[in-house]
Amino acid sequence: MSTGNMNLTLKVWRQKNTKDKGKMVDYKVSNISPDMSFLEMFDVLNEDLITKGDEPIVFDHDCREGICGMCSMFINGRPHGPKDAVTTCQLHMRSFKDGDTIVVEPWRAKAFPVIKDLTVDRSAFDRVIAAGGFISVNTGNAQDANNLPIPKAQADAAFEAAACIGCGACVATCKNASAMLFVSAKISQLALLPQGQPERYKRVQNMVAQMDAEGFGNCTNTGACEAECPKGISLENIARMNRDYYSAKFVSEEEG
Amino acid sequence: MGSIANAFSSSIGKKLIMGLTGLFLISFLVVHCFLNSFVFFDNTGVLFNEGAHFMATNWIIRAMEVVLMAGLLLHIVQGARLTFQNQAARPVKYAYNDGNANSKWYSRSMGLLGTLLLIFLIVHLAQFWTVSRFTGIPTVDANGHEDLYAVMKGTFSNIWFVVLYVLAMISLAYHLLHGFASTFQTLGWNHKKYTPIIKSLGVWFSILIPLIFAAMPIWIYLGL
């Protein structure tokens, strides 16, 4: 762990717009505090670029506390960088050493086209959600506690699936650019709860169909998504989605 | 309607076909390995030829051979399609991707391992299957059965074929190391109670079956 300030070399993907071919560009950053987050280091670099009259690097970010799912950098060959279970905004420069060269790329997938530099269009995820990731009931006022009894293990599993922030790291790291971890989490969080039952088999068919239509690849169970997910979403969700999908297609009378 | 038809063309359906045909091919490996292991127990080849004769004349086995070929073909065609589709899902590759940080190389190389196995299978079928089914085996053994064992001895007197078979079995081991456990995940059988059992069973299967197969050409080459 470094204590003094660091000098680093960055290799960053620059791409003007969706049409541009894009290329890797080298940048030097100096006097970086190890306590800075990775995004703050990029802020420093961008200040530098603006002062010099260059175009700053465009990157997605919002809450900067690991819950919004906006930040999306592929750092040194891994989504959200070298640490497990953190987003890029929670990655600190103390995870790197003085003099390091860091490669920073956008998420790469046909379904996530680059808009500019490190920002990609993740609206494919929104369309998957719009295809069925909801429940069509008026929720009304808050119910009495325990009105709908849900076993603790079930509630926990639903909560763990619901922790997905939709950042797209699973797609980014998957060798097939498959979105199955994301889609299965969004299906599971509803399939595990009583409120999700009426549309359960319709939902899985529609969301899988939309996922395929968006051009994501096919899952081959390498497990890279689970290993890289900043929220620790489990492969058990994909197995559950598979089961629900088979039930929907081969047993249920619900059409997608 | 038509939901069952389009079920198999979806991403999950395509996985299901790979998993089911894979599981079927695994069951074939068990039978094939069991019968071939007769070579270890009788170096006159009579026992082995007995097994081969049973396989060649039993009508259930003959019917299953057609199913096996269909299953194998489906596994190959579907595997190739998936590989190309999955490559197309990432048109621009990463300049630097640290795959080993989050997954096993053999899990990411199923297409390559499968291609190596296909090359081996073409050689293997040409050497034994076409001979026993079509072109005919020239000699008979003491029991009057076609002497497939003699064909095997002839083939494995060449060290390069022994090397090829051993290398192919290493490919098979890695292919199974991913494929065995992966099949159950695809079928939706993932649970903390039994997934660890499936995984360790998969590791044992992936080592044991290819090891027994690889031992056969070596055994025969050494004249044991």
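**Figure 1. The two domains of chain A.** The C-alpha centres of domain 1 and domain 2 of chain A lie 29 Å apart in this predicted model, for which local features need pLDDT of at least 70 and side-chain atom pairs count only at pLDDT 80 or more, while totals for chains, interfaces and linings use all residues. Residues are numbered from 1 along each chain as its sequence is written, and chains are lettered from A and ligands numbered from 1 in the order in which they are written. Domain 1 of chain A covers 6–115 and domain 2 covers 122–251, with bounds that come from an automatic or database domain assignment. Between them, 18 residues of domain 1 of chain A are in contact with 17 residues of domain 2 of chain A, where contact requires that the C-beta atoms of two residues, placed from the backbone, lie within 7 Å. On the side of domain 1 of chain A that touches domain 2 of chain A, ten residues are nonpolar, five polar and three charged; Ala, Val, Leu, Ile, Met, Phe, Trp, Tyr, Cys and Pro count as nonpolar, Asp, Glu, Lys and Arg as charged, and the others, Gly among them, as polar.

Figure 2. The secondary structure of chain A comes to eight helices and seven strands, taken as DSSP runs numbered from the N terminus (helices H or I, at least four residues; strands E, at least two). His80(A), in the loop between strand 4 (78–79) and strand 5 (101–105) of chain A, has a positive phi of about 65° although it is not a glycine. Asp117(A), in the loop between strand 6 (114–116) and strand 7 (119–120) of chain A, is likewise a residue other than glycine with a positive phi, near 45°. Most residues other than glycine have a negative phi. His80(A) counts as buried because 27 C-beta neighbours lie inside 10 Å, and Asp117(A) counts as buried with 23 such neighbours inside 10 Å; a residue is buried if 20 or more other C-beta atoms lie within 10 Å of its own, exposed if 12 or fewer, and partly exposed in between, with C-beta atoms placed from the backbone. Of the 256 residues of chain A, 47% count as buried.

**Figure 3. The contact between chain A and chain B.** The contact takes 42 residues from chain A and 35 residues from chain B. On the side of chain B that touches chain A, the elements that give two or more residues are helix 1 (3–7), helix 2 (11–36), helix 4 (59–88), helix 5 (105–108) and helix 8 (159–186) of chain B. The residues of that side of chain B divide into 14 nonpolar, 15 polar and six charged.

**Figure 4. Packing of helix 8 and helix 9 of chain B.** Helix 8 of chain B packs with helix 9 (residues 195–221) of chain B at an angle of about 170°, with their axes 8 Å apart; axes are lines fitted to C-alpha atoms, for helices over the stretch in contact, and angles run from 0 to 180 degrees between N-to-C directions. That angle makes helix 8 of chain B roughly antiparallel to helix 9 of chain B, a term used for angles over 145 degrees. The residues of the contact of helix 8 of chain B with helix 9 of chain B divide into 23 nonpolar, two polar and one charged.

**Figure 5. Ala126(B) in helix 6 of chain B.** Ala126(B) is found in helix 6 (residues 110–135) of chain B and is exposed, with 11 other C-beta atoms within 10 Å.

Conventions
Angles under 35 degrees count as roughly parallel, over 145 as roughly antiparallel, 65 to 115 as roughly perpendicular and the rest as oblique.
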